[in-house]
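Subject: Structure for you to look over

Hello,

Here is the structure I said I would pass on. My notes follow below it; please read them with the model open.

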Amino acid sequence: MQSEFEAVIGLEVHCQLSTRSKIFCACPARMTEGQSVADITPNLNTCPVCTGQPGALPVLNKKVVEYAVLAGLATHCEIQMHSVFSRKNYFYPDLPKGYQISQYDLPVCGKGWLEIPGGSAPKRIGITRIHLEEDAGKNVHEVGYSAVNLNRAGVPLIEIVSEPEMFSAEEAGAYLRTLHSLVVTLGICDGNMQEGNFRCDANVSVRKRGATALGTRAEIKNVNSFRFIEKAIEYEIQRQIQVVVSGGQVVQETRGYDSDKNVTLSQRSKEEAHDYRYFPDPDLLPLRLTPEWVEKLRGALPELPDQKRARYSEQYKLSSQDAGTLSNSKSLSDFFERTIALFPAGDLSAPAKAIVNFLTGELTRLSSEASVELAQSKVTPRHLADLVQVSLSGVISSSGAKQVLISVWNSGAPVDSVIEKEGLKQVSDVGALEPIVQKIIDSNPSQAAELKAGKEKLMSFFVGQAMKASGGKANPALVSQIVKKLLA
Amino acid sequence: MKKIQSIAEVHDGFDNKAFTPLELAQEYLGRIHASQLNAFLTVSEEKAIFQAKKATAELMKWGRVPREAQPLFGIPFGLKDNLVTQGLRTTCGSRILENYVPPYSATVVERVEKAGAVILGKLNMDEFAMGSSNENSAFGPVQHPTHPGYVPGGSSGGSASAVAAGLCVAALGSDTGGSIRLPASFCGVTGVKPTYGRVSRYGLVAFASSLDQIGPLTNSVRDSATVLDVISGADPMDSTSIQGVSEKYVAGLSAPMDWSKVRIGIPKEYFVSGVQAEVAASMQDAIKWFEKQGAQCVSVTLPHTSYAVSVYYVVAVSEASSNLARFDGVRFGVRPEGLSSSQGDLLSFYKQVRTRFGDEVKRRILLGTFALSSGYSDQYYQKACQVRRLIQQDFTAAFEKVDFILGPVAPTTAFKLGEKSQDPLQMYLNDIFTIPANLAGLPALSVPCGKDSAGLPIGLHLAGRLYSDSELIRIADAFERRA
Amino acid sequence: MDMNAISRSVAKLARLELSEEEVTTFSDQLKQVLTYIDQLQSVPESSLGAPLYHPLELPTLLREDQAKTPQLDSEGRPSMLSAASQTDGLIGTAYKVPPIL
């Protein structure tokens with residue numbers, strides 16, 4: 001029944017730009033490593049401008065403009081040589097001036113697109129616009145009062161608005177991961193979702209499959225992890241389908257996500273419709289870019305994830321899946337690059353594949369279990385390169401390799417000493433393995449006969465038995481050679 | 001001690017040891033305390049005495065006024081109360097800021113202090129600079145300096161009245177639609193609204209940001225030039241301040257005038273019925289004088305003048321409705337006591353705070369909110385900005401033929417307190433001749449040019465091209481010295 | 001145009017409280033001003049072009065990205081707090097407002 005519906009999703013992403021100072025004043029926009037401006041003493045990080053003292057005026061941070069342009073260039077947006085800051089008027093205690101300085105009808109970046117990994121081929125998602133604005137402060141709600149902290153007020157944001165061109169929670173998730181990796185690669189956003197560096201609002205609607213008009217949308221606000229956003233969208237899609245199926249109508253509203261219960265909840269609709277009364281901010285004149293400036297910024301773009309993905313496929317013959325996973329994560333691709341660089345030039349497709357397998361498998365698991373960033377762990381590219389080398393040359397088995405990796409993760413000890421200490425070297429000595437294999441053949445005569453008769457599948461049975469008998473140290477490739485030889 | 005002194009007279013007095021900066025400051029503070037004009041809202045006696053003592057000690061050391069480094073050395077100075085002063089109460093003539101002690105100072109305040117001015121205090125004004133008569137101050141109207149019962153003009157009425165009455169030698173005001181020039185005209189002093197962007201607005205509590213400009217009110221054009229030399233010039237804190245080298249106004253005064261090159265435009269739209277006969281006659285005298293010097297006076301047309309008041313009111317109140325949103329009682333200003341026991345309703349908190357705005361301010365916030373609101377903004381705000389372009393183009397066309405535009409500052413001389421306060425529209429129409437310069441950003445000034453039969457001063461209004469402040473001041477100075 | 005209704009809704013947007021009496025007074029005054037301002041509608045559409053929002057048609061000023069650590073006041077508090085109500089305006093160094101629902 002549900003398959004007669006399709007979901008349509010558009011995303012609005014707010015990225016805090018990692019400039020030194022705020023967008024319109026010289027107050028710091030970020031603290032030292034690992035500290036958010038929101039964490040320090042409330043209102044320590046404020047001045048007349050960002051507290052909206054009477055008479056204070058905004059002056060635009062040049063770096064903020066450059067970061068927005070970089071984001072636009074990386075998403076193939078039309079860069080607007082003339083853009084305008086407008087005031088969005090509304091009252092809220094965390095909004096010091098009673099208006100937010102934002103961009104309205106003339107944003108700094110117009111239409112563009114972002115390619116996300118898809119099932120068989122990458123999919124292009126349209127970007128409507130990217131505009132600059134200032135962040136608000138933070139209200140902390142207590143019993144009987146609220147406390148307003150303006151440390152974050154005036155931190156620069158870009159809002160990246162997508163077209164409603166995603167049709168599932170997974171696509172939305174892929175878009176967000178791709179965008180996240182992009183802004184982090186560009187070095188314009190720290191990307192820490194817990195701290196709100198990268199925030200997302202999702203507009204979700206459903207419609208009968210084949211319909212062209214959009215259904216009424218609900219907006220899911222402020223979800224702070226990829227996984228939760230996907231779950232929230234998935235929940236919301238199902239909820240809306242239920243509403244429609246049971247004869248109801250979806251209400252246009254803002255909904256919050258409760259991650260404990262995995263539900264979206266209507267946030268009490270505002271008692272009045274918003275009327276933001278946008279008009280050009282007379283304290284700021286239009287922002288003018290020059291083609292020279294934009295070209296200079298284009299020249300400064302780092303290699304972008306989609307370029308990286310293409311290069312990985314070309315240079316290392318990685319599958320599009322592997323190349324996509326790597327290029328979408330700055331930490332994985334950085335680690336990959338540093339590891340593969342340790343191999344001598346030549347055909348690197350085998351070590352590349354092996355590196356990717358370790359990175360996306362065991363290392364990702366270890367890193368997420370321990371909540372330690374790969375770059376901060378004890379495992380170095382040198383470790384990984386050594387491990388790949390001994391694995392490919394058959395010195396250790398694949399299960400042995402896993403064991404080594406866990407050991408290195410915990411201790412940081414060199415790979416060869418771990419192999420030595422834990423006795424993980426494979427037995428690759430024909431003389432030592434032959435009697436073991438012979439014994440297995442002797443005790444399993446019928447299987448031996450069937451294998452000999454051509455039932456190749458049974459080879460794994462003999463290899464498995466040999467591994468067991470050798471305590472996991474037998475080199476499986478050698479074992480199968482010996483079985484063939486003895487049955488010949 | 002002479003009641004009205006120019007900056008040069010004060011400096012000569014210091015050099016000749018006729019009085020010290022401290023003695024002078026004490027004299028002026030004494031006058032302020034004795035005055036009934038209600039021109040000062042806050043007297044910064046301690047600060048003034050401190051600055052004056054310092055100046056006195058410096059004078060002793062140097063033996064002469066350091067005119068180059070400190071053009072306002074020891075000058076008793078007043079500031080309109082919408083210029084923020086760190087540590088010194090700044091009310092904007094409003095109950096909502098009755099207790100506001102700013103944590104920073106306006107750029108112009110820092111500049112006049114650095115130039116040696118002795119700050120006597122903060123001058124009364126229409127609340128948030130919204131008014132033409134000074135009757136909208138929450139702290140009572142300012143009296144006319146020579147004619148009790150008459151208004152001094154607004155909104156910089158405190159500044160004009162104080163300068164005219166010798167309560168300070170020079171003052172700063174702000175001009176959004178005529179708020180420097182109108183009171184200067186009514187009180188018989190000089191008032192200059194520089195080209196928009198010549199003077200930093202950082203620390204000027206905004207009324208309408210695209211129109212507001214700070215300028216001097218003084219007893220002579222030369223004194224205004226001295227003050228302008230100090231306060232004008234690029235400010236990295238104001239995006240709308242003009243970057244680059246600023247002009248030298250006083251230096252420009254010493255060059256001789258070449259009148260044959262001066263062309264003055266007389267807009268026919270400014271000489272219509274409704275202008276008081278004595279005012280019109282005074283304009284004719286001024287025109288004759290300029291012609292006698294050899295200037296060409298020609299008729300010009302500014303065809304969209306009749307729309308100026310409408311455009312102005314829509315633009316000014318729209319911007320004001322947004323500029324005044326920050327007065328919410330959260331971070332500064334007066335707020336209802338006993339917040340946590342006030343049954344915690346944010347909406348009623350806002351309303352209780354903002355009810356302290358006066359009626360004229362509320363009226364303008366309402367009108368501005370309406371003019372920007374969805375469904376009406378095309379008809380009002382956007383349309384007004386389109387017509388604003390036509391008014392600007394009127395001037396562009398006129399300035400192809402002439403260098404200056406001459407007219408009265410206001411249709412009438414000062415009127416009586418209470419005469420127009422019940423009729424907002426009549427009050428708005430006072431500003432008909434001053435508003436266009438704000439809409440187009442042009443430099444304009446008021447210089448005394450006579451008196452009516454009641455002895456009330458008449459002001460001559462001169463406006464110039466964008467950035468022609470220096471030339472404008474030169475001809476005004478020549479006119480002022482005509483006698 | 002129901003001016004009273006407009007006054008009420010605009011007052012709400014602007015967070016101004018008006019008594020019924022004030023609604024009537026302000027509405028009358030606004031109506032009078034609007035009637036005057038409506039002369040703008042008589043400007044021929046053909047003569048209207050791009051709006052002029054600001055007298056300076058220049059590009060906006062740009063600031064280098066240099067951070068300046070905000071100063072503390074003499075009591076070691078964030079210096080902006082001196083302007084807040086000292087009796088009921090602060091909770092620690094945060095601004096205190098009625099509970100936000």
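Chain B puts 71 residues in contact with 56 residues of chain C (contact means heavy atoms within 4.5 Å). This is a predicted model, so local features need pLDDT of at least 70 and side-chain atom pairs count only at pLDDT 80 or more, while totals for chains, interfaces and linings use all residues. Residues are numbered from 1 along each chain as its sequence is written, chains are lettered from A and ligands numbered from 1 in the order in which they are written, and side-chain values use heavy atoms, with hydrogens and water left out.

**Chains B and C**

About 5,800 Å² is buried between chain B and chain C, with 66% of it from carbon and sulfur atoms. Buried area here is the accessible area (1.4 Å probe) that two parts lose on being put together, summed over both. On the chain B side, Lys351(B), Leu366(B) and Arg389(B) lose the most area to chain C, together 11% of what that side buries.

Arg389(B) also forms a salt bridge with Glu57(C), at 3.1 Å from N to O.

Which elements give two or more residues to the side of chain B that touches chain C? They are H10, H11, H12, H13 (378-398), H14 (424-429) and H15 (435-440) of chain B. Helices (H or I, at least four residues) and strands (E, at least two) are DSSP runs, numbered from the N terminus. H13(B) gives the largest share, 13 residues.

**Chains B and A**

Here 36 residues of chain B are in contact with 31 residues of chain A. The two chains bury about 2,800 Å² between them, 59% of it on carbon and sulfur atoms. In chain B, Ser239(B), Arg326(B) and Arg331(B) lose the most area to chain A, together 22% of what that side buries.

The count is 1 salt bridge. Asp283(A) pairs with Arg201(B) in a salt bridge, the closest N and O atoms being 3.1 Å apart. Helices H10 (308-323), H11 (346-354) and H12 (359-372) of chain B each supply at least two residues of the side that touches chain A.

**Core**

The largest nonpolar core has 262 residues. Such a core is a set of buried Ala, Val, Leu, Ile, Met, Phe, Trp, Tyr and Cys residues joined through side-chain atoms within 4.5 Å; buried means under 20% relative accessible area (1.4 Å probe, protein chains only). Tyr175(A), Ile233(A), Phe77(B), Phe128(B) and Phe290(B) touch the most other members. H10(B) gives the largest share of this core, 10 residues.

**Chain A**

Chain A has 15 helices and 16 strands. Its C-alpha trace spans about 90 × 55 × 50 Å along its principal axes. Of its 488 residues, 54% count as buried.

Best wishes

Notes. Salt bridge = Lys/Arg side-chain N within 4 Å of Asp/Glu carboxyl O. Buried < 20%, exposed > 50% of the residue type's maximum accessible area, 1.4 Å probe, protein only.
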